[in-house]
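Dear colleague,

I am handing over the structure we spoke about, and my notes on it follow below. Please read them with the coordinates open beside you.

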Amino acid sequence: MEKITFDNLQETLFHEKLDNGLNVYILPKRGFSKTYVTFTTKYGSIDRTFIPRGKKEFVTVPDGIAHFLEHKMFDKKEGDVFQKFGVLGASANAFTSFTRTSYLFSTTDNLYENTKVLLDFVQEPYFTEEKVEKEKGIIAQEITMYDDNPDWQNYFGTIQSLYKEYPVNIDIAGTVDTIQEITAEHLYECYETFYHPSNMTVFVIGAVDPDEMMNFIRDDQNSKDFSEPEEIRRKYPEEPLEASRKKTVLEMDVQRPKFNFGMKCSRTVMEGDEMLRQDLAVNLLLDILFGRTSEFYTKAYNDHLIDETYHYDFIFEKGYGFAMVESDTEKPSELEAAVRTTLKSLAENWTITEDDLNRARKRRIGQFMRSLNSIEFISNQFTQYNFNDMNLFDVVPTLENIQVAHLQDAFKTISNEDSHTVMTIIPGSKED
Amino acid sequence: MFTKVELQKGVNLYIRKTEQFKTITMSIKWVAELDEKQAAYRAVLSNVLQDSNADYPKQSDLRKALDELYGTVFYMDAGKRGNSHIVSLNMECVNDEYLSTSGVFDEAMKMIRTIIFNPNFQDGTFDESIVNREKRTVIERIRSIYDDKGRYAHKRMLELMRPNDPASMSSSGTEKDVESITSATLLDTYKRMLDEDEIDIYVVGDIQETELAEKMKSMFGFTARDVTRKQYVQPATEVSETRQVFERQDMKQGKLQVGYSTPVSFFHPDYPKMQVTNGVLGGFAHSKLFMNVREKESMAYTVNSAYAAYYGIVYVMAGIDADLEEKAVKLIGEQIDAMQNGNITDLELDQTVALLTNSIRSAFDSARGQIEVYDQYKQLDEEFTADKWIAEWKAVSIEDVRQMASQIRLELIYLLSGREA
């Protein structure tokens with residue numbers, strides 16, 4: 001077991017790669033009464049074309065399958081896994097993203113029994129046609145729920161407008177139609193390919209003894225049989241530089257229009273330190289350009305172009321990345337003009353100074369320290385970074401080394417007008 | 001769990017020293033009786049106070065100063081609880097220990113003092129342009145509920161069940177009352193809030209308790225005030241018949257809300273029993289609703305129940321295909337019937353108590369959770385601890401749950417669904 005100490009943060013991380021390839025990380029947190037355990041596979045909705053384990057040809061599976069698989073993992077021959085966690089006092093959950101599927105629980109009691117339940121249910125698949133059919137009703141309701149959610153439509157619609165080829169443009173849960181094609185056989189095929197321990201990570205954080213826990217997980221894994229690790233072959237399409245659509249308008253039953261300005265990132269093929277630097281640099285840049293201290297924000301808020309719903313964000317993973325500036329607004333076209341002007345004037349005349357950077361940097365360092373209070377944040381963010389070969393605990397030193405020149409580089413990756421899109425949801429009837 | 005220091009009559013400081021967090025969290029709460037007009041005034045006032053102050057008359061300058069203090073978090077909000085309206089000032093800053101600097105907390109305290117006692121006055125009152133801008137912001141907040149179908153359905157259920165009552169009042173007031181606000185209204189509201197409200201101040205973090213109490217006394221000039229704490233008990237509701245209300249918006253899914261009344265509210269001795277009862281019904285993923293409506297019948301992705309304890313309301317929420325409304329209502333009714341007949345297993349009870357235990361202990365793993373949970377339960381017991389409350393839950397029997405379930409009355413079935421349904 002390797003022990004990694006971060007003196008400035010007063011945190012110690014324990015790590016071991018087990019014989020079957022499973023990566024286990026343990027981070028004890030003093031003073032915490034709960035323990036949060038996640039078991040994550042590097043497999044999400046974008047992994048739709050791949051060579052199944054033991055086969056030679058690429059296949060493309062129905063949309064929504066990673067998420068469907070996540071639902072079905074809880075349903076066992078002997079009943080629902082939630083029942084087992086419930087008896088042991090743990091609150092369990094799972095989520096599927098574009099790139100990951102995560103199973104988790106948090107508990108203040110029976111830590112090892114709960115860990116055993118988690119490891120076992122994720123490593124013992126049980127799918128039948130009957131159970132797969134039955135789940136379609138539940139997932140169809142989940143999909144319809146998102147259909148009625150204007151904020152989700154605004155967010156996801158923007159991604160679809162940005163991406164022409166890359167499968168982030170496919171809804172994580174699929175559609176009511178695509179999930180009908182899913183069979184138990186599909187689920188087994190995806191499971192066998194992506195749920196090998198060598199493609200997975202366990203992260204344990206909170207009230208935990210690292211030695212005991214590592215021994216417990218190691219013993220459990222050694223007692224189970226796994227095939228040899230194999231490299232997973234996935235295929236992703238090439239994404240053009242241009243946005244798929246320049247403008248998208250959707251009518252929904254809302255009171256006020258919702259606006260989203262999307263910027264597709266032009267440089268996403270990278271990993272590790274380089275990726276962390278670009279991720280943080282784009283975030284700092286957005287803070288300076290669109291944050292609450294910016295000229296843009298002050299003017300837009302005073303001119304009634306944005307309101308309390310205003311926010312911006314940058315999502316970045318190997319293979320894709322996009323920034324968004326969103327708000328409810330009565331004046332979508334004026335807001336669009338204000339965003340475009342902000343980007344354009346910076347492109348023509350670089351005005352960001354060392355002082356701007358220093359202030360934004362301080363804010364981000366503070367924000368990072370604050371988020372270390374949340375064991376859920378550490379666990380989820382660490383795993384996401386880890387799958388992109390970045391280290392969460394490098395955030396502060398990386399922030400400290402970022403120069404204005406890095407911001408200039410970062411700006412170039414999102415400032416191309418051809419890669420921009422505008423999404424608006426306007427009041428009206430969907431059926432019209 | 002908190003050390004209490006009376007700063008002045010009616011102004012109390014609650015401190016919790018802990019090394020659990022890398023930050024220091026502070027929350028100042030102004031508590032007054034809930035009144036729809038005052039709610040509107042106080043909601044706008046909290047926005048105006050959050051915007052700027054005498055030291056930083058421009059929002060962007062205030063935000064820059066906060067960024068310089070390593071992204072110190074500062075925001076104000078308005079909420080309600082029972083028949084109380086609560087304006088909160090919230091601050092969180094990084095503990096100096098983790099920074100290559102010192103004095104961040106002291107600077108943040110000074111800033112908060114200015115925010116409270118030295119607002120951004122022009123000619124002795126609030127700046128009209130800021131007031132107007134924040135009125136608009138609050139109106140937009142009120143209107144935005146319509147766009148969130150689940151929240152909207154819930155709001156409608158409360159309005160139909162308890163019209164003109166604290167249960168259905170918004171903590172931001174009504175659009176009309178917000179519209180009527182002038183700088184003079186806000187000045188009056190500000191003075192009343194500062195001089196008359198009950199004030200609770202919470203601080204959680206690695207701080208010296210006595211030092212902090214002294215500092216607060218010298219820095220914050222709160223005056224003594226007479227505060228009489230009244231326990232709010234919702235007047236009993238006579239349910240003569242169950243009402244059905246169906247409303248339409250353009251949407252695909254149906255949002256079902258089934259409202260029940262219970263005589264057991266927050267200050268009732270049976271409150272912990274009712275919490276367990278709600279948990280057995282629909283609080284968790286092992287609960288009757290989840291197992292029978294979602295898993296067995298595949299009818300819903302979301303189906304759960306909640307207990308609005310102050311208002312004596314238990315309600316079930318489900319996202320369903322609107323055509324299946326009758327079937328869903330029937331299934332939900334069957335779960336209640338089962339409980340009224342004592343059809344509850346030891347397993348269900350044990351799971352529920354275990355998960356309630358987990359949720360309260362987990363809430364204590366954040367500073368804000370510690371503040372909010374204690375702030376609520378201290379109304380019942382100033383010496384509140386999680387362990388004491390967990391013991392209350394553990395003492396609940398199947399017979400207790402049966403009795404609690406037998407006292408609830410179905411009052412309203414509300415469905416929000418698509419126009420074509």
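Predicted model: local features only at pLDDT ≥ 70, side-chain atom pairs only at ≥ 80, totals over all residues.

**Overall shape of chain B**

The C-alpha atoms of chain B fill a box of roughly 60 × 45 × 40 Å along the principal axes, and 50% of the 421 residues of the chain count as buried. Chain B contains 15 helices and 13 strands, and of the contacts in it between residues at least 6 apart in sequence, 79% join residues at least 24 apart.

**Domains of chain B**

The domain assignment divides chain B into domain 1 (3-219) and domain 2 (243-417), whose C-alpha centres lie 30 Å apart. Across the boundary, 22 residues of domain 1 of chain B are in contact with 22 residues of domain 2 of chain B. On the domain 1 side, the elements that give two or more residues are strand S3 (23-33), helix H5 (149-161) and strand S8 (198-205) of chain B, with the largest share, 9 residues, coming from H5(B). By class, this side of domain 1 of chain B divides into 9 nonpolar, 6 polar and 7 charged residues.

**A sheet in chain A**

In chain A, 5 strands form an open sheet with mixed pairing, in the order S12-S16-S13-S15-S14. Its edge strands, each pairing on one side only, are S12 (247-252) and S14 (311-317) of chain A, and neighbouring strands of the sheet are turned by 15 degrees against each other on average, direction ignored. S12(A) runs parallel to strand S16 (residues 420-427) of chain A and is joined to that strand by 6 bridges; within this pair, Lys247(A) stands opposite Val422(A). Helix H5 (residues 150-162) of chain A lies across S12, S13 (258-264), S15 (320-328) and S16 of chain A, and runs at about 150 degrees to S16(A).

**Where the chains meet**

Between the two chains, 56 residues of chain A are in contact with 58 residues of chain B. Helix H2 (81-87), strand S10 (101-107), helix H4 (129-147), helix H9 (295-302) and helix H11 (354-371) of chain A each supply at least two residues of the side of chain A that touches chain B, and the largest share, 10 residues, comes from H11(A). That side of chain A has 13 nonpolar, 22 polar and 21 charged residues.

With best regards

How values were computed:
Residues numbered from 1 in each chain as written. Chains lettered and ligands numbered in written order. Helix = DSSP H or I, 4+ residues; strand = E, 2+ residues; numbered from the N terminus. Buried ≥ 20, exposed ≤ 12 C-beta atoms within 10 Å, placed from the backbone. Contact = placed C-beta atoms within 7 Å. Pairing = 2+ DSSP bridges. Axes fitted to C-alpha atoms, helices over the stretch in contact; angles between N-to-C directions. Nonpolar A, V, L, I, M, F, W, Y, C, P; charged D, E, K, R; others polar. Domains from an automatic or database assignment.
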